[in-house]
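Visitor: Could you walk me through this one? I'd like to hear about the fold first, then the packing and the charged pairs.

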Amino acid sequence: MSGNNSEPVVRTLVLGLGNILMGDEGIGVRSIEFMQDKHLPEHVELLDGGTGGFHLLSLFQEYKRFVIIDATLGTGPLGEIHVLKPKFASDFPRSLTSHDIGLRDLMQSAELLGELPEIFLVTINISEFNTVQMELSREIEAVLPGVRDTVLDLLDKETFA
């Protein structure tokens, strides 16, 4: 399992977070579902992380690289995609949605266990998420291909080779 003969390939996890019962807040999970049948490099795995939590902590010992997809209540346009590269738990944006505390706590706990793996955080701007519904809005559903393309671009970068 190596990209070339001199270095082993580092296992990478693409982790989608979100609450699918809250419509657009579930964009991370819906992105994982959208990518299930797409071709990805063999060292890349997809995981529906739900609303996050400490049950995901062991993943930080199994994988050295992560792409985390999540909704955010950003100030930009609805559906805008951002990529951040947080190095510490404190680098995660405060504007993450309903599971903000869970994700921050998870990162802080992972830091206590050792150095955080390489992480790219892909966020998608949503509006208020106070409606209980299983479907994404049309505006957010329309960005699923863009989220996929963003993830694929990150996976193609030299740091993920």
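Guide: Here is a walk through the chain, its packing and its charged pairs.

Visitor: Before we start, what should I keep in mind about the model and the numbering?

Guide: This is a predicted model, where local features need pLDDT of at least 70, side-chain atom pairs count only at pLDDT 80 or more, and totals for chains, interfaces and linings use all residues. Residues are numbered from 1 along each chain as its sequence is written, and side-chain values use heavy atoms, with hydrogens and water left out.

Visitor: OK, how many helices and strands does the protein chain have?

Guide: The protein chain has 5 helices and 5 strands. Helices (H or I, at least four residues) and strands (E, at least two) are DSSP runs, numbered from the N terminus. Along the sequence the pattern reads β-α-β-α-β-β-α-β-α-α.

Visitor: And what share of the residues counts as buried?

Guide: Of the 161 residues of the protein chain, 48% count as buried. Buried means under 20% relative accessible area, exposed over 50%, and partly exposed in between, with a 1.4 Å probe and protein chains only. As for contacts (heavy atoms within 4.5 Å), residues 24 or more positions apart account for 79% of those in the protein chain with a separation of 6 or more.

Visitor: Let's pick a helix. Is helix 1 mostly covered or mostly open?

Guide: Mostly covered: 7 of the 9 residues in helix 1 are buried. Those are I27, G28, V29, R30, S31, I32 and M35.

Visitor: What do the buried residues of helix 1 pack against?

Guide: They pack against strand 1 (12-16), strand 2 (44-48), strand 3, strand 5, helix 4 (138-141) and helix 5.

Visitor: At what angle do helix 1 and helix 5 pack?

Guide: Helix 1 (residues 27-35) and helix 5 (residues 144-156) pack at an angle of about 75°, with their axes 10 Å apart. Axes are lines fitted to C-alpha atoms, for helices over the stretch in contact, and angles run from 0 to 180 degrees between N-to-C directions. The two helices are therefore roughly perpendicular to each other. Under 35 degrees counts as roughly parallel, over 145 as roughly antiparallel, 65 to 115 as roughly perpendicular and the rest as oblique.

Visitor: Which residues make that contact?

Guide: Helix 1 brings I27, R30, S31, F34 and M35, while helix 5 brings L144, P145, V147, R148 and V151. By class, the contact has 7 nonpolar, 1 polar and 2 charged residues. Ala, Val, Leu, Ile, Met, Phe, Trp, Tyr, Cys and Pro count as nonpolar, Asp, Glu, Lys and Arg as charged, and the others, Gly among them, as polar.

Visitor: Now the core. Which residues in the largest nonpolar core touch the most other members?

Guide: Of its 21 residues, V14, I27, V67, I69, I124, I140 and V151 do. Helix 1, strand 3, strand 5 and helix 5 are the elements giving two or more residues to this core, and helix 5 gives the most, with 5. A nonpolar core is a set of buried Ala, Val, Leu, Ile, Met, Phe, Trp, Tyr and Cys residues joined through side-chain atoms within 4.5 Å.

Visitor: What is I124 in contact with?

Guide: Leaving aside neighbours within four places in sequence, I124 is in contact with residues including I27, I69, G79, I140 and V147.

Visitor: Where is G79 found?

Guide: G79 sits in the loop between strand 3 and strand 4 (81-84). At 9% relative accessibility, G79 counts as buried.

Visitor: Switching to charges: how many salt bridges are there?

Guide: A search of the whole structure finds 6 salt bridges. A salt bridge is a side-chain nitrogen of Lys or Arg within 4 Å of a carboxyl oxygen of Asp or Glu. One of them joins E118 and R65, with the closest N and O atoms 2.8 Å apart. E118 lies in strand 5 (residues 118-125) and R65 in strand 3 (residues 65-72), so the pair ties together parts that are 53 residues apart in sequence.

Visitor: Are E118 and R65 buried or exposed?

Guide: Both are buried.

Visitor: And how far apart are the closest N and O atoms of K38 and D37?

Guide: They are 3.1 Å apart, in a salt bridge. K38 is partly exposed at 28% relative accessibility, and D37 is exposed at 63%.
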